[in-house]
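My plan is to go entry by entry and write down what I looked up.

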Amino acid sequence: MSETVPIPVPDPAAPTRPVPLGPAPVQISWADLNDASVSARVEQIRTARQVPLIQPVGTPAATGAPGPMGWLRGSVGSLALAGLVGALVTWGLVEVVLQSGSDTHWYGDSATTGNVLFTLAFALGIGLVVSAWEGVQARSWAKTQTALLKASPVLVGGGLVGGFIASSVYTSMTSGIIADAYAAATSATGSGGDAQAIFTQYVQDHMHLPRGIAIGLVGVAVGAALGAASRSTRRALNGAIGGFVGGFVGGFLFDYIGSGSGSGVVPRLVAIVVTGVLIGVSMGLIETARRENWLEIVSGGMAGKQFILYHQQTVIGSGADCHVTLIKDPAISPQQLQLTQSAAGLTARSLDAQRPAQVNGTPIVEQTLADSDLLQVGSTVLRYRSKVAAAPLPGAIHG
């Protein structure tokens, strides 16, 4: 026998409810939108969409690595190479002055004139190349031409004045040396010695100091011209100190390699090359030792290149009139960034509102820099370094 199940009958008095056709709608209030977690999530999404410009840790990857010859882009290597090229030019000029193999000189028999022309050839040959080297490295004929125009008067004037001073010092010192050599040869004659050999050897052994002083004065003119080309008194002082030291050492060694007139063309070439390189290396070492603020290109077409900041205001851009010219980056404006030195430190200011520079990945209008800050102009990244507030450079993380 089956059991009957009663069927419920709806109460006509009960309120009717609509039958849901899908999921319930989400209701968002203003309180929900203003919640801190929502703002944080929006910021995370915005950050994730940005293209990373620098690595958060470690050294930025260089798109143009320095390579095995990257050391040549430092101050010492760059000036050493400039000294080498300048020495080759100097050698050609010196051979014109000396006229090897000729019985007479085109300038006459004056020893003073010969000495002045010799030192002037040194000053012009090495000085013009060293002064124009930054423009050559930047592959900017306009920058090279400007440097040559600024350096030439200093080199000609310094070469002539330094030549007369060097000739006077050289003549005075060599007169005493020759007198002493004659006395030594005379005394040796009585004891059966070879007077001529003793005289020659004595002169050769004592000519190093006066020749070192003479070439050192030429180095002073080269350094002063480098400062004039860079429009910096401080760089002129650094160059003059380095030029004198390098010139003195090179001149002192000159007679050991090839004397001024009687040793032959090839030994004289070697001696001049050694002297030119020593002048460049010495100027680079002095610049490096006395630098206070400088930039290192860590990423870009000139990676490894260093620029010492000598001026109160330094302009960076692709233009030839900039203190730091970066023409290998087409994304850089003619005048992109200005660095101003003050008591508060170094301040960076963007000069192109359409393409502002960036500091540590953030576009800036104006910002005071700290040591090791990364500046980006175009696609080139530079690291600012300050000797006063030097900080350890970031390195790779090893787990």
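**Entry 1: a first residue**

Does D371 count as buried or exposed? I looked it up: D371 counts as buried, at 12% relative accessibility. For my scale, buried means under 20% relative accessible area, exposed means over 50%, and partly exposed is in between, with a 1.4 Å probe and protein chains only.

**Entry 2: ground rules**

I noted that this is a predicted model, where local features need pLDDT of at least 70 and side-chain atom pairs count only at pLDDT 80 or more, while totals for chains, interfaces and linings use all residues. Residues are numbered from 1 along each chain as its sequence is written, and side-chain values use heavy atoms, with hydrogens and water left out.

**Entry 3: the overall picture**

I found nine helices and eleven strands; these are DSSP runs numbered from the N terminus, with helices being H or I of at least four residues and strands E of at least two. The protein has 399 residues, and 40% of them are buried. I also looked at contacts (heavy atoms within 4.5 Å). Among those with a separation of 6 or more, 60% are between residues 24 or more positions apart.

**Entry 4: salt bridges**

I went back to D371 and asked which residue it forms a salt bridge with. The partner is R385, and the closest N and O atoms are 2.7 Å apart. My cut-off is a side-chain nitrogen of Lys or Arg within 4 Å of a carboxyl oxygen of Asp or Glu. D371 lies in the loop between β9 (366-368) and β10 (374-377) and R385 in strand β11, so the pair ties together parts 14 residues apart in sequence. R385 counts as buried too, at 10% relative accessibility.

The structure holds seven salt bridges. In another of them, E296 meets R383, with the closest N and O atoms 3.6 Å apart. That pair links distant parts of the chain: E296 is in strand β1 (residues 293-299) and R383 is in strand β11 (residues 380-386), 87 residues apart. E296 is buried at 16% relative accessible area, and R383 is buried at 5%.

I then checked D352 and R355, whose side chains meet in a salt bridge at 3.7 Å, N to O. Here D352 is buried, with a relative accessible area of 16%, whereas R355 counts as partly exposed at 36%. I also wrote down a network of salt bridges that links E134, R235 and E287.

**Entry 5: rings**

Next I looked at aromatic pairs, taking rings of Phe, Tyr and Trp (its six-membered ring) with centres within 6.5 Å; planes under 30 degrees apart count as stacked, over 60 as edge-to-face and the rest as tilted. The count comes to four aromatic pairs. The ring centres of F244 and F248 are 6.3 Å apart and their planes are at 25 degrees, so this pair is stacked. The two residues are four apart in helix α8 (residues 233-257), which separates them by about one helical turn. F244 is partly exposed at 33% relative accessible area, and F248 is partly exposed at 26%. Ring pairs link F244, F248 and F252 into a cluster.

I also looked for charges over rings, meaning NZ of Lys or CZ of Arg within 6 Å of the ring centre and within 35 degrees of the ring normal. The charged end of R291 sits over the ring of W294, 3.8 Å from its centre. K305 lies over the face of F307, 5.5 Å from the ring centre.

**Entry 6: strands**

For pairing I need at least two DSSP bridges between two strands. Strand β3 (residues 313-317) runs antiparallel to strand β5 (residues 337-342), and four bridges join them. I316 has L337 in β5 as its bridge partner. On to β6 (residues 345-350): β5 pairs with this strand in the antiparallel sense over six bridges, and L339 stands opposite A348. I logged β5 and β6 as a hairpin with two residues between them.

**Entry 7: cores**

Which residues touch the most other members of the largest nonpolar core? They are V94, F122, V130 and M283, in a core of 25 residues. The core is a set of buried Ala, Val, Leu, Ile, Met, Phe, Trp, Tyr and Cys residues joined through side-chain atoms within 4.5 Å. Two or more residues come from each of α3 (75-98), α4 (111-137), α7 (208-230) and α9 (265-290). The largest share, eight residues, is from α4.
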